[in-house]
Amino acid sequence: ESKFGSWPNSPVGDNSAVYNYQFDKLNFFVLGDTKNEILYNDFIYGAYKGLTLADDNGKGPTGLSMGLGLDGVRKSFNVDNIGAEGYDLINTQVVSIGDSTTRYILTGPNFKSEVTMFSSDYWGNPGRGVSLESGTINFQMANFQQPGQKDFAQVKNAAKMNIENSAIWPVKLGATGSEKRIAARGSIIDPTGIQEAAAALWEHNLTNSWVLLPGGDLDRRDWTATASVNDASARNMLDSASNRWQTGGAQTNGQNIIVDMKTVNTITKVILDASGSPGDAPEGYEVFVSIDGANWGQPVASGSGGGGDLTLIPIDSKKARYIKVVQTKSRSNWWTVNEFRVFGKVDVATIAVTPATATLDANATRQLTATITPAKATNKKVTWSSDNTTVATVSMTGLVTAKAGGMATITAKSEDEGKTATMQLTVNGPVSVTGVTLNQATATIAVGMTQQLSATIAPSNATDKKVTWSSDNQSVATVSTNGLVTATGTGTATITVTTIDGVKTATSIITVVAPVNVTAVSLAPDAVNITRGSTQQLTPTITPNNATNKAVTFTTSNAAIATVSSSGLVTAVGNGTATITVTTADGSKTATASVTVNAISVNSLTVSPATATIETGATKQLAATVLPDNADDKTVTWSSGNNTIATVNASGLVTAVTAGTVTITATSNDGNKTAVSTITVKAPAPDLNAAQSIVVYPNPVTNGEVKLKFAETINGDYRVRLSNMGGQVLNTSTIQVANGAGVYTITQNVVPGIYNLELTNIATNKRSIKQVIIK
């Protein structure tokens, strides 16, 4: 048991030389090949290395460290080897110098065993928290307030790190690729830098960040809070905003905050969130709970906030409406709570069933409703039961079905807290049948025919409505179990319906007569002319009119031309002639109707556009519209009134030849319908830019030869067309342009005047027009 530091030996004044010497040279404890070495309440301030478990000729120490404090140390805990019996540490606090080279824990390459750190605390902002070359380090209940500047851990080679029930404030945990050497369970830990799914173990961890993002905390919207200090801002710890409650001064013993949750809840955890002010966590605390706000009892939890953002307080499932946190220590820092969060469940307080009473007839149903309070109870699941299932049953959703007369108590029970509520159900006894009637008291039918009878039970809510049917003369008429009477011979028969309940009866007198046979059938109309797609109703007439069986069937001789329905409705399908035949069920008498289906003729033709103006050499697509749209033959032919002005092809594409006006005509093949479009052809407008790119000389032309000079050095073939000012083309030829120059010779005698000279690049289709004067 020892304490060691620089201050006992420091001279008055500047002590930096003493400090720096220790920080660079001093190794506080070095344990080599020692057995069962126990370190108890040892403390060092200011050293290069704190505790070293050394590799002593291949051997290492065994034993235990309890209450070790390493403050202001560059390499705080160093493990190079340990003996077979192991070496563990309990209640260790490490404060590391805050620069990039310092470490809390380091292991060397020869360390092959494992060390467990039970209940350890780390702060001081080293360059990296943990550097493991080999071996295994286990952290149980460790708190890393400042895990490291660069990252928390570097786990290399075959080294392993296991973290359980610990808190590591947000920092990059490690590097991708080290996951299989890292295991974490039941901890507050930020997995940044690794893929937690690839870790050797990653379960029941709460991922932390600088702002707590809780899951599963209780709804706080109607809660209230009070505080012994700065009570006016106590509500801020429940507002889910950036506002906060704080003491506004130093932490002192006895300061407290109380939260009223308004309902009795089962509490499993409390988090005091001091995000942004990690130094303002409670130096020490005790937590009390109460049902009534007056009787608090003993503390249900106690501890220290540890100076971090989050104070995590586990509670062993206590029921409470009120929670009080009391400061038990003093500290110069303020006490700050940004958010007060509670985890657990909102308990079910009561359950009620509506309606409270009900009366049903047998076989009737009624939906019951269970209402849970409070409305925001966490678990609202309900189970239903009946104490007398012979009287009534109830489904899992609360639907009651009455079975038989009597009384039953229906119970709803909450899954949470086992709260119950009941309703009383009365089921009336069976409703007896008082009478029965038939829809027809008498009926006359022919032999072989049928008649449907139906029975009406009184009262309509009778419990048992089953009946039986009988005939007193089955040689005249029989009756089925559902009341269908079939005539079997001439005469009279009484059909009787009898109720099972009460043996009530009703009768119908059935007279069966000899059948009247069909002697003939005819169809009207017997000849039909219709167009494809239309319909025509055919009507059969049975002779004699009082024939017993007037049933008929319809058939067609050619379904591709005309089809016929069972009621005689003819539908025209294709052009041609078909015969529709009607056949009687009695005697197979037939009649026919001739159906002629005609083609759909063209009744109008239009051309669009009706007028158009295009330049010589250009084209215009015309469109012909034939009506009706379903006409059989919609083909048209096209013609031009003057092919020297414009031509038209078979699809209606007009090509302008020379200036003028021409009529383009479309003619339908069916009906010879016509429609026209008036086309005006004009000479192309001169290219105003051509003067800048092509020079024509001499101009006027006197010897029939025109020379062309292009502004650019171009080569290729050009089509040259000479036309008068009326747009009439007088001459067309092709010239070759080389190095931006060409010659066009006028081979046709033309009268003196002004002419358009059109030049078109055959490769690019670019066109220019120059005006020339010919003398």
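Two strands count as paired if DSSP finds at least two bridges between them. The strands themselves are DSSP runs (E, at least two residues), as helices are (H or I, at least four residues), and both are numbered from the N terminus.

With that in place, a word on what we are looking at. This is a predicted model, where local features need pLDDT of at least 70 and side-chain atom pairs count only at pLDDT 80 or more, while totals for chains, interfaces and linings use all residues. Residues are numbered from 1 along each chain as its sequence is written, and side-chain values use heavy atoms, leaving out hydrogens and water.

I will start with a sheet. It is open, has 4 strands in the order β64-β63-β66-β67, and its pairing is antiparallel. β64 (729-737) and β67 stand at the edges with a single partner strand each, so one side of each has no neighbour in the sheet. On average, neighbouring strands here are turned by 25° against each other, direction ignored; axes are lines fitted to C-alpha atoms, for helices over the stretch in contact, and angles run from 0 to 180 degrees between N-to-C directions. Inside the sheet, β63 (residues 716-723) and β66 (residues 753-761) are joined in the antiparallel sense over 6 bridges. Arginine 721 is opposite glutamate 758 of β66.

The cut-offs are under 20% for buried and over 50% for exposed, with partly exposed in between (1.4 Å probe, protein chains only). Together with Met725 and Ile754, Ile773 forms a nonpolar surface patch of about 270 Å² accessible area. Patch members have over 30% relative accessible area and no salt bridge; like charges are joined within 9 Å, and nonpolar side chains (Val, Leu, Ile, Met, Phe, Trp, Tyr) within 5 Å. The areas come from the Shrake-Rupley method with a 1.4 Å probe, and for residues only the protein chains shown count as cover.

Next, charges. Side chains of opposite charge can pair when their charged atoms come close. A salt bridge here is a side-chain nitrogen of Lys or Arg within 4 Å of a carboxyl oxygen of Asp or Glu, and the whole structure has 25 of them. One joins aspartate 222 to lysine 376, with closest N and O atoms 2.8 Å apart. That pair links distant parts of the chain, 154 residues apart: aspartate 222 is in the loop between β16 (201-203) and β17 (224-227), and lysine 376 in the loop between β28 (369-373) and β29 (382-386). Aspartate 222 is partly exposed at 39%, and lysine 376 is partly exposed at 26%.

Arginine 221 bridges to aspartate 219 at 2.6 Å between the closest N and O atoms. Arginine 221 is exposed at 71% relative accessibility, while aspartate 219 is partly exposed at 26%.

The loop between β16 and β17 also holds histidine 204, which has a positive phi of about 55° although it is not a glycine. Histidine 204 is exposed, at 67%.

Last, two cis peptide bonds. One joins alanine 524 and proline 525, with omega about -10°; proline 525 is in the loop between β43 (520-524) and β44 (527-531). Another joins threonine 543 and proline 544, with omega about 0°, and proline 544 sits in the loop between β46 (539-543) and β47 (552-556).
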